[in-house]
Amino acid sequence: MVSEIPELSNPSVCMRDPQRVEEILQSMVKAGSNTVQVIADFDMTLTRFAYKGKRCPTCHNILDNSNLISNECREELKVLLDTYYPIEIDSARSIAEKLPLMVEWWTKAHKIMVQQKIRKDLLATAVRDSDAMLREGYQLLFDHLHEHSIPLLIFSAGIGDILEEVIRQAGVFHSNVKVFSNYMDFDESGLLKAFKGELIHIYNKREGALLNTGHFQELRTRPNVLLLGDSLGDLTMADGVQDMENILKIGFLNDKVEERKQSYLDSYDIVLVQDETLEVPNAIILHLTGNK
Ligand code: TMP
Ligand code: MG
């Protein structure tokens, strides 16, 4: 079966247990694509990590780099990024150790953004003017899932309003797409006054999933999950799925490859090393829907 998907031999692909991947895929093909749902992280999973040697922005960075915030705030947000991003990707620290620091990062960044009274009507322009890029092959991924009525949950610790705009401008915000993320709350004059609901950060996606039992209840006839992530925090995105039968976890390893490779191999079924494309997930989706 794995041999039926030539993309799994791409040089970017690493698997701890190819036999196990084969078994999961066989089981999913047998169950049929009408039992499948896809759960994907957004930043650095559906979007590119780098393009032509330059880092691509996260949802937060789209605002950091825009003229919707002052230069002074931009500096402050940059200091936060330079402080906390190395912690996010530090393989020497445990998740338990990083978690409170990540909460600190998100809380401080959101506080600064709220102080800037960001205008809702300017978000679309900020996205249009940004360097945000979905990974190569995004059109096939979104369109094919839509054509086959396979639900796609985008589960992001980024900013919902921004990521929706990215996929809307790319023309792929189809009706099968649902988003769990941090949404902005605007006052009656359209100025950012807060973020809505419980904060989603990189390490509490499990809690976020459990807050949305209704969504997973609706999808209970789809116990086969394809999970796409780039952080070890993304592994808990499917924790709300009811009566799960199979899960195939695909992880993009973008940065600090040598230090983190073993932990990614231990937790993701397929690890894609510095692969800026969606070629492998697309090949798997085509395989599951019998198109290949
Ligand atoms: P996610 O991809 O797991 O949903 O997490 C969102 C990413 O956003 C994570 O990699 C860290 C990043 N981030 C920023 O780039 N700037 C910020 O101010 C914050 C709070 C997060
Ligand atoms: Mg991510």
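Visitor: Which residues in H11 are buried?

Guide: This is a predicted model, in which local features need pLDDT of at least 70, side-chain atom pairs count only at pLDDT 80 or more, and totals for chains, interfaces and linings use all residues. Residues are numbered from 1 along each chain as its sequence is written, chains are lettered from A and ligands numbered from 1 in the order in which they are written, and side-chain values use heavy atoms, with hydrogens and water left out. Helices (H or I, at least four residues) and strands (E, at least two) are DSSP runs numbered from the N terminus, and buried means under 20% relative accessible area, exposed over 50% and partly exposed in between, with a 1.4 Å probe and protein chains only. The buried residues of H11 are Val280, Pro281, Asn282, Ala283, Ile284, Ile285, Leu286, His287 and Leu288.

Visitor: How are H6 and H11 oriented to each other?

Guide: Axes are lines fitted to C-alpha atoms, for helices over the stretch in contact, and angles run from 0 to 180 degrees between N-to-C directions. The axes of H6 (residues 138-147) and H11 (residues 279-288) come within 9 Å and cross at roughly 20°. Angles under 35 degrees count as roughly parallel, over 145 as roughly antiparallel, 65 to 115 as roughly perpendicular and the rest as oblique. H6 and H11 are therefore roughly parallel.

Visitor: Which hand does the crossing of H3 and H4 have?

Guide: H3 (residues 71-88) and H4 (residues 95-115) pack at about 165°, with their axes 10 Å apart. That makes H3 roughly antiparallel to H4. A crossing is left-handed if the near helix is turned anticlockwise from the far one by less than a right angle, and right-handed if clockwise. H3 passes H4 in a crossing that is left-handed.

Visitor: How far apart are the C-alpha atoms of Glu104 and His201?

Guide: Glu104 belongs to helix H4 and is partly exposed, because its relative accessibility is 34%. Along the chain, Glu104 and His201 are 97 residues apart. Their C-alpha atoms are separated by 9.9 Å.

Visitor: Is Leu46 buried or exposed?

Guide: Leu46 lies in the loop between strand E2 (36-40) and E3. Leu46 and Ala283 are 237 residues apart in sequence, and 15 Å apart in space from C-alpha to C-alpha. With a relative accessible area of 1%, Leu46 is buried.

Visitor: Where is Lys52?

Guide: Phi of Lys52 is near 50°, a positive value in a residue other than glycine. Lys52 counts as exposed because its relative accessibility is 73%. Its place is the loop between strand E3 (50-51) and strand E4 (54-55).

Visitor: Which strand gives the largest share of the lining of the second largest pocket?

Guide: On a 1 Å grid over the protein atoms alone, a cavity is a set of points where a 1.4 Å probe fits but cannot get out, and a pocket is an open set with protein on both sides within 12 Å along at least five of seven lines; lining residues have an atom within 4 Å of a point. Among the residues lining the second largest pocket are Val179, Phe180, Lys196 and Asn212. The largest share of that lining, four residues, comes from residues 177-182, strand E6.
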